[in-house]
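Please read the numbered points beside the sequence and the coordinates.

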Amino acid sequence: MASIPFMVGWFDEIWQYLEPAWHLVAGPWVQTWDYRAGLRSWLIPELLSVPMELGHAVSPDTTLHLLLVRLTLAGLSLVIVGAAVALGLKLSRLHGIVAGFVAATWFELVFFAPRALSEPIGLALLMGAVWLLLARDRPRPRQFALAGLLMGLCFVARIQYAPALLTLAILTARKDWKSAWLPMIAGGCGALAVDALANLAMGAVPFRWMIEAARINIVEGRAKVYGVMPVTGYLQLIAWYWYLAMAPILLLAWVGAKRYPALLWIALVHLGFHSLIGHKEYRFVLASTALLVILAAIGSADLLRRVPRRRLALATAGTLLLWGGTSAALAMGHFRPNWTMEADLAAALERAGRPPATCGLALYRPRDTVAGAYALYRRDTPIYVIGTPAEARRRADAFDVVVAPRTHVAELPRQYRLESCAAPGITDAPGCVARRIGSCTPDPAATSLNAWLAAGGN
């Protein structure tokens, strides 16, 4: 169900993954600074373009292409649930039930499951490797090789997972070079080869994106432009979103860590590494919070094992109800704004491109950040940026639809009629659509969205 209502959530979801995937399917796209600088791999957009192309072929005038992408990603996220169940079943059926229920219903995992973001994609791949290496008593070389492939793909999806992946490798392979390390390294090299081929197919130099990502974000400090937080920033964010549940979750995770200490180490290493980076966003430590919650679920089952058998069924039902209720309460607590973040912008762009005859889009007085996306607009027409009423009147023949903030709709030329205004969100995203009747004459002198982004460094 989390796949159906569409919101932008984080800008990266649209402009780093869905928009380049749309480029592979339909052609025109909004190209942001990171793709101009070459610090993004094309692997994820190429994979997402498969369900996107299917949706666009079946229903080109709707957003089915986005829905199919999200359903595909939601399906991938089931690996997390499967891994939790497998880890639990290794201990007992009760552990499997509790761990699986919590992984399937925890609000953060539900929210991120259908998102086209590197963090949940990387988490699913990481948990696949955990499933192979920790949910078995003695993984064989074949399991290490497949786990290495998944870990390599996880690294390609998000290179910041490297410390967590190395921790998993060390704690599972130990000193077994022949049966563990060598197969795992071979699998990882296979993943790197896949990424190299994916970028070669787009005319990009293999692995250059990794070097550029490190150079621009770490050496040049580009990420700091988007804000910095202290070393304790993630603890503050976790406390903000988990609220009163933080203490019991951490206590239960400590109990569960006695069963799987490797999971706790992975979570702590991942959290510690990201805490040293100045720019912080909550989704960056999704792997840590997910592992802590799964460990807490296993800890819950450990406590349930102490309940007399005649009361176990009732106690288990109560525990699951408590976990589900806590998840629902936290989802509607401090985390609530995320469920509709930028939904007004997404709705406006979708509405703007709904008529097949749409011949040009103008973004009137957009914010300084990215304000448009062909993946939502769906039309092969120019997207212009218009900044003043005089410019809107002068260039009105170039576009027949305008997306504007509610406070500036009255400034548009008279031939434009207000069509709709999306329900206001918590941000200042433009959410109103105005349209005129008639054709368009492209205006090469008008500022295109891509030119405007390049001029502003976005």
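1. A disulfide is here a pair of cysteine sulfur atoms within 2.5 Å. The model under review is a predicted one, and it holds two disulfides. Cysteine 359 and cysteine 440 make up one of these pairs, with an S to S distance of 1.9 Å. That distance lies within the 2.5 Å cut-off. The link of cysteine 359 and cysteine 440 is right-handed, with 60 degrees about the S-S bond.

2. What does the pair of cysteine 359 and cysteine 440 tie together? Cysteine 359 sits in the loop between helix H17 (343–352) and strand E1 (361–364), while cysteine 440 sits in the loop between strand E5 (432–435) and helix H20 (449–456), so the bond ties together parts that are 81 residues apart in sequence. Cysteine 440 has a relative accessible area of 17% and is therefore buried, as the limit for that class is under 20%.

3. The other disulfide is formed by cysteine 421 and cysteine 432, whose sulfur atoms are 1.9 Å apart. This link of cysteine 421 and cysteine 432 is right-handed as well, with 110 degrees about the S-S bond. Cysteine 421 belongs to strand E4 (residues 417–421) and cysteine 432 to strand E5, and the two cysteines are eleven residues apart. Are these two cysteines buried or partly exposed? Cysteine 421, at 27% relative accessibility, is partly exposed, whereas cysteine 432, at 2%, is buried. When the bonded cysteines of the chain are numbered in sequence order, the pairing reads 1-4, 2-3.

4. Two further cysteines deserve a remark. Cysteine 154 is buried, at 0% relative accessibility; cysteine 189 is partly exposed, at 45%.

5. The count of cavities of 30 Å³ or more comes to one. The largest cavity has a volume of about 50 Å³. Which residues line the largest cavity? They are Leu73, Leu76, Ser77, Ile80, Phe112, Ala113, Arg115, Pro120 and Ile121. This lining divides into seven nonpolar residues, one polar and one charged. Helix H4 (64–89) and helix H7 (118–134) each supply at least two residues of the lining, and H4 gives the largest share, four residues.

6. Helix H14 (residues 261–275) has 15 residues and should span 21 Å at 1.5 Å a residue; its end C-alpha atoms are 21 Å apart, which agrees. The buried residues of H14 are Ala262, Leu263, Leu264, Ile266, Ala267, His270, Leu271, His274 and Ser275. These buried residues of H14 pack against H4 and H7, and also against helix H9 (162–173), helix H12 (233–242), helix H13 (246–257) and helix H15 (286–304).

7. Helix H16 (residues 309–331) can be checked in a similar way. At 1.5 Å a residue, its 23 residues should span 33 Å, and the end C-alpha atoms of H16 are 33 Å apart, in agreement. The buried residues of H16 are Thr316, Thr319, Leu320, Trp323, Ser327, Leu330 and Ala331. What covers them includes helix H5 (93–105), helix H6 (107–112), H12, H13 and H15.

8. The backbone calls for a further check. Most residues other than glycine have a negative phi. Arginine 174 is not a glycine, yet its phi is positive, about 55 degrees. Arginine 174 is located in the loop between H9 and H10 and is exposed, with a relative accessible area of 62%. Arginine 365 also has a positive phi, near 45 degrees. Arginine 365 is found in the loop between E1 and helix H18 (374–377) and, at 32% relative accessibility, is partly exposed.

9. Where is lysine 175 placed? Lysine 175 lies in the loop between H9 and helix H10 (177–200). With a relative accessible area of 78%, lysine 175 is exposed, as the limit for that class is over 50%. Lysine 175 and glycine 96 are 79 residues apart in sequence, and their C-alpha atoms are 30 Å apart in space.

Terms used: Residues are numbered from 1 along each chain as its sequence is written. This is a predicted model: local features need pLDDT of at least 70, side-chain atom pairs count only at pLDDT 80 or more; totals for chains, interfaces and linings use all residues. Side-chain values use heavy atoms; hydrogens and water are left out. Buried means under 20% relative accessible area, exposed over 50%, partly exposed in between (1.4 Å probe, protein chains only). On a 1 Å grid over the protein atoms alone, a cavity is a set of points where a 1.4 Å probe fits but cannot get out, and a pocket is an open set with protein on both sides within 12 Å along at least five of seven lines; lining residues have an atom within 4 Å of a point. Grid points are joined across faces, edges and corners, and a volume is the space filled by probe spheres set on the points. Ala, Val, Leu, Ile, Met, Phe, Trp, Tyr, Cys and Pro count as nonpolar, Asp, Glu, Lys and Arg as charged, and the others, Gly among them, as polar. The expected span of a helix is 1.5 Å times one less than its number of residues. Contact means heavy atoms within 4.5 Å.
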